[in-house]
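Here is a short briefing on one protein chain. Look at the sequence and the 3D structure first, then read on.

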Amino acid sequence: MIRTIDLFDLDHSMAKEYLKGFEYPWQALGGIKDLIIQLGKKLDPKEYDEVSPSVWVHKSAKVFSSAYLGSPCIVGPETEVRHCAFVRGSALIGAGCVIGNSVELKNVIIFDNCEVPHYNYVGDSILGFHAHMGAGSITSNIKADKKNIVVHAESEIPTGLRKMGAMLGDYADIGCNSVLNPGTVIGRHTNVYPLSCVRGVVPEHSIYKNPKNIVRKEER
């Protein structure tokens, strides 16, 4: 449940063909910058404005004047980038997304209809289709000892990465003021309680209450 095809419906990202090439999604983090530049050069100027070098914004997107868009970056159709958002660069933001007030993004792929609406930090991460970060929830992308990050699944999977935040599957919902520690993977349709400190892999269709209390959602 941690492979790229298990976490994401790739039809909901401009990175579809790129992500197909990776068994695990974190393997894609190192190439996001180059991917955005390649995609941006092919965008239809009738649909996208290059508002500054290597920063492309769809004509239907709304970017507030106090927001900062660093290079390279693509902002998809019908997306809102709200007051004082800080997009540091290497951000591929899909269609119908919300990047909210005082949100900081760095080296990310944001799938369509994803919401990162209030006071969030998301770095070196991939957020799936309709994923949602509650107010104040953040990804932590580097360990205190600065060692390479290991994904703690059924077995330990070395990533070879010094920086990795979180992989959020489609429809994952992260509660307010939660911290997703380096190397966290959240399965599809999983909810994380507010004020959680999450580490490792949380299965799909689950509710994360605390590390010792992760329950399967009831089918309806």
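This is a predicted model: local features need pLDDT of at least 70, side-chain atom pairs count only at pLDDT 80 or more; totals for chains, interfaces and linings use all residues.

Residues are numbered from 1 along each chain as its sequence is written, and side-chain values use heavy atoms, with hydrogens and water left out.

**Aromatic pairs**

- The whole structure holds five aromatic pairs. Rings of Phe, Tyr and Trp (its six-membered ring) pair if their centres lie within 6.5 Å; planes under 30 degrees apart count as stacked, over 60 as edge-to-face and the rest as tilted.
- One of the pairs is F8 with F111: the ring centres are 5.0 Å apart and the planes sit at 20°, so this pair is stacked.
- F8 lies in the loop between helix 1 (4–7) and helix 2 (16–19), while F111 lies in the loop between strand 10 (104–110) and strand 11 (115–118), so the pair ties together parts 103 residues apart in sequence. Helices (H or I, at least four residues) and strands (E, at least two) are DSSP runs, numbered from the N terminus.
- F8 is buried, at 2% relative accessible area. F111 is buried too, at 0%. Buried means under 20% relative accessible area, exposed over 50%, and partly exposed in between (1.4 Å probe, protein chains only).
- Y68 and F86 also pair: their ring centres are 5.5 Å apart and their planes at 55°, so this pair is tilted.
- Y68 is in strand 4 (residues 68–69) and F86 in strand 7 (residues 86–87), so the pair links parts 18 residues apart in sequence.
- Y68 is partly exposed at 44%, and F86 is partly exposed at 36%.

**Cysteines**

- The count of disulfides is zero. A disulfide is a pair of cysteine sulfur atoms within 2.5 Å.
- For C97, the closest cysteine sulfur is in C114, 5.7 Å away, which is too far for a bond. C97 is buried, at 1% relative accessibility.
- C197 is in no disulfide, and its nearest cysteine sulfur, in C176, is 16 Å away. C197 is partly exposed, at 49%.

**Helix 3**

- In helix 3 (residues 32–41), the residues I32, L35, I36, L39 and G40 are buried.
- Down the helix axis, these buried residues fall within an arc of 125°, so they line one face of helix 3. The arc is that of the directions from the helix axis to the C-beta atoms.
- An α-helix has 3.6 residues a turn, so residues three or four places apart point the same way.
- The buried residues of helix 3 pack against helix 2, strand 2 (55–58), strand 5 (73–75), strand 8 (91–93) and strand 10. Contact means heavy atoms within 4.5 Å.
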